[in-house]
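Please look at the sequence and the structure first.

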Amino acid sequence: MKRVFSGIQPTGIPHLGNYLGAIRNWVSLQDDHECIFCLVDLHAITVWQNPADLREQTRQQTAVLLASGIDPVGQILFNQSAVSAHARLAWIFNCVARLGWLNRMTQFKDKAGKDRENHSAGLYVYPNLMAADIMAYQATRVPVGDDQRQHIELANDIAQKFNHDYGVEFFQTIEAFVPPEAARVMSLRDGTKKMSKSDASAQSRIDMTDDADMIALKIRRAKTDPEPLPGSAEGLEGRPEARNLVGLYAVLSGLSVDQVLAQHGGEGFGPFKQALTDVLVSKIEPIALETRRLLADTGHLDAVLRDGAARAGAIAEPIVSRVEEIVGFLK
Ligand code: AQP
C-alpha cells in the first residue's frame with residue numbers, strides 16, 4: 001500500500017476551497033492508502049500567527065478533519081511540531097538545497113510580492129520543510145493542488161542531490177498526485193483570486209463551520225455580473241464569478257458544468273444562488289454541526305493529536321536517525 005503524506009496549515013478555519021480541493025480527496029484516499037495527515041504548524045508560523053489563535057486554529061482544523069471523515073485510528077492525524085524529525089530533516093535539507101533552486105519558487109514570489117526583504121527566512125525555505133515532511137516518512141505519494149507541483153519537483157531535486165552527495169540510494173522519487181476531481185475554488189468577492197483563509201474579507205469564503213443562515217448570506221452577497229446564466233460552458237468565458245458559482249454547484253451536485261447550465265441556463269442569479277445555497281447547506285451543515293460537537297471537548301482533540309504524533313514519530317524517528325548517521329552526526 002502506498003504511503004501518502006498530506007498537510008494543511010492551521011492558519012484559520014478550513015474553508016470550502018480546502019474541503020473541495022483537499023480534505024474531501026483525503027477522505028477517499030483512506031480506502032487504499034496508508035495516510036499521514038498533518039496540521040503543519042511549523043509552516044503556519046512562516047507568516048505571523050498569534051499564539052493563542054494558532055492553538056485554537058489547530059484544534060478547529062482537527063475537528064473539521066474528523067467531522068469530514070478523516071479516520072484518526074486507521075490513519076495518522078497529528079500536528080507537525082510534535083514530531084521533531086520534521087525540523088531536524090528540514091535543517092539538513094536547508095544545507096542540501098541550493099539558493100538558485102529556491103529563487104525559482106513562484107509561490108514565494110507570489111506570497112512575498114515586492115516586499116521580499118521583509119518576509120521571514122522561514123517563508124523562503126518553506127519548500128525544504130515540505131520536502132522534509134514527505135521524506136521523513138519515505139512517503140512516495142503527495143496529493144497536492146496544481147500550485148504545489150513545483151515544490152514536489154524541488155523535493156525530488158533535494159532527494160537526488162542528497163543521494164548523490166552521500167553516495168546512497170536512500171530517498172525515492174516522490175510522485176505529485178493531483179486528484180482528478182480536485183476543484184479550485186475562487187473567492188466569492190473576486191472570481192480571479194483563490195478562496196483563502198488569510199483573505200481579509202470573511203465574505204470571500206464559506207467556512208466549514210458556517211451555519212445555514214451564514215451560508216445563505218454569503219452566497220446572496222457573492223459578486224456576480226448582470227447577465228443571466230449562459231446555456232453552455234463557453235458562455236462563462238470572461239465571467240470569473242459566474243464560472244466559480246456554476247463550478248461549485250457542479251462539483252457539489254456531481255454534475256458537469258454543461259449539465260448545470262442545461263438546467264439553469266437563462267436564469268438570473270437570484271434563483272440560481274438559492275439552488276446553490278441549498279446544495280451547500282446540505283453538504284456543509286452536517287460537518288459544521290459535528291465540528292461544533294467535537295470542539296466542545298478539546299481534551300479529546302488533544303488526545304487524538306498526541307496519539308497521532310506518537311505513531312508518526314515511531315515511523316519518522318528511525319528514518320531521520322539514519323539520515324543523521326549518513327550525514328556524519330555522531331550518535
Ligand atoms: N481555494 C482553493 N481551492 C482549492 N483548493 C484549495 N486549497 C487551498 N485553497 C484552495 C488546498 O487546501 C490544501 C491545504 O491548504 P493550506 O492550508 O496548506 O494552504 P493554502 O493553499 O495556502 O490555503 P489557504 O486557505 O490559501 O491558506 P492561507 O490563506 O493561510 O495561505 C492544499 O492542498 C491546497 O491546495
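## The 'HIGH' region

UniProt, in an unreviewed entry, lists residues 10-18 as a short sequence motif, the 'HIGH' region. The model shown here is predicted. In it, residues 10-18 are 33% helix and 0% strand.

## Around the ligand

The shell around the ligand holds 18 residues. Thr-11, Gly-17, Gly-21, Gly-145 and Ser-198 come nearest. Two elements give two or more residues to this shell: strand S1 (3-8) and helix H1 (16-29). H1 gives the most, with 4 residues.

What is the make-up of the shell by class? It has 9 polar, 6 nonpolar and 3 charged residues.

An unreviewed UniProt entry places a "binding site" feature at Asp-133. This residue is found in helix H8, residues 126-135. Is Asp-133 buried or exposed? The cut-off for a buried residue is 20 or more other C-beta atoms within 10 Å. Asp-133 has 27 such neighbours, so it counts as buried.

Setting aside residues up to four places away in sequence, Asp-133 touches Phe-5, Gly-7, Cys-38, Val-40, Gln-80 and His-86.

## Strands S1 and S2

S1 and S2 run parallel. They are joined by 6 bridges. Ile-8 stands opposite Leu-39 in S2.

S2 covers residues 34-39. Why is S2 described as largely enclosed by the rest of the structure? Because 5 of its 6 residues are buried.

## Ala-159 in helix H9

Ala-159 is found in helix H9, residues 149-166. With 20 C-beta neighbours inside 10 Å, Ala-159 counts as buried. That count matters here because the cut-off for buried is 20 or more.

Which residues does Ala-159 touch, not counting those up to four places away in sequence? They are Met-135 and Phe-171.

Lys-218 lies elsewhere. It is 59 residues from Ala-159 along the chain, and their C-alpha atoms are separated by 45 Å.

The chain is divided into two domains. Domain 1 takes in residues 3-183 + 298-327, and domain 2 takes in residues 209-293. Their C-alpha centres lie 31 Å apart.

How many residues does each domain bring to the contact? Domain 1 gives 7 residues and domain 2 gives 6 residues. On the side of domain 1 that touches domain 2, helix H3 (residues 51-68) gives the most, with 4 residues. That side divides into 6 nonpolar residues, 1 polar residue and no charged residues.

Definitions and conventions
Residues are numbered from 1 along each chain as its sequence is written. This is a predicted model: local features need pLDDT of at least 70, side-chain atom pairs count only at pLDDT 80 or more; totals for chains, interfaces and linings use all residues. Domain bounds come from an automatic or database domain assignment. Two residues are in contact if their C-beta atoms, placed from the backbone, lie within 7 Å. Ala, Val, Leu, Ile, Met, Phe, Trp, Tyr, Cys and Pro count as nonpolar, Asp, Glu, Lys and Arg as charged, and the others, Gly among them, as polar. A residue is near a molecule or strand if its C-beta atom, placed from the backbone, lies within 6 Å of it. UniProt positions are given in the numbering used here, feature names are shortened, and annotations may be inferred rather than shown by experiment. A residue is buried if 20 or more other C-beta atoms lie within 10 Å of its own, exposed if 12 or fewer, and partly exposed in between; C-beta atoms are placed from the backbone. Two strands pair if DSSP finds at least two bridges between them.
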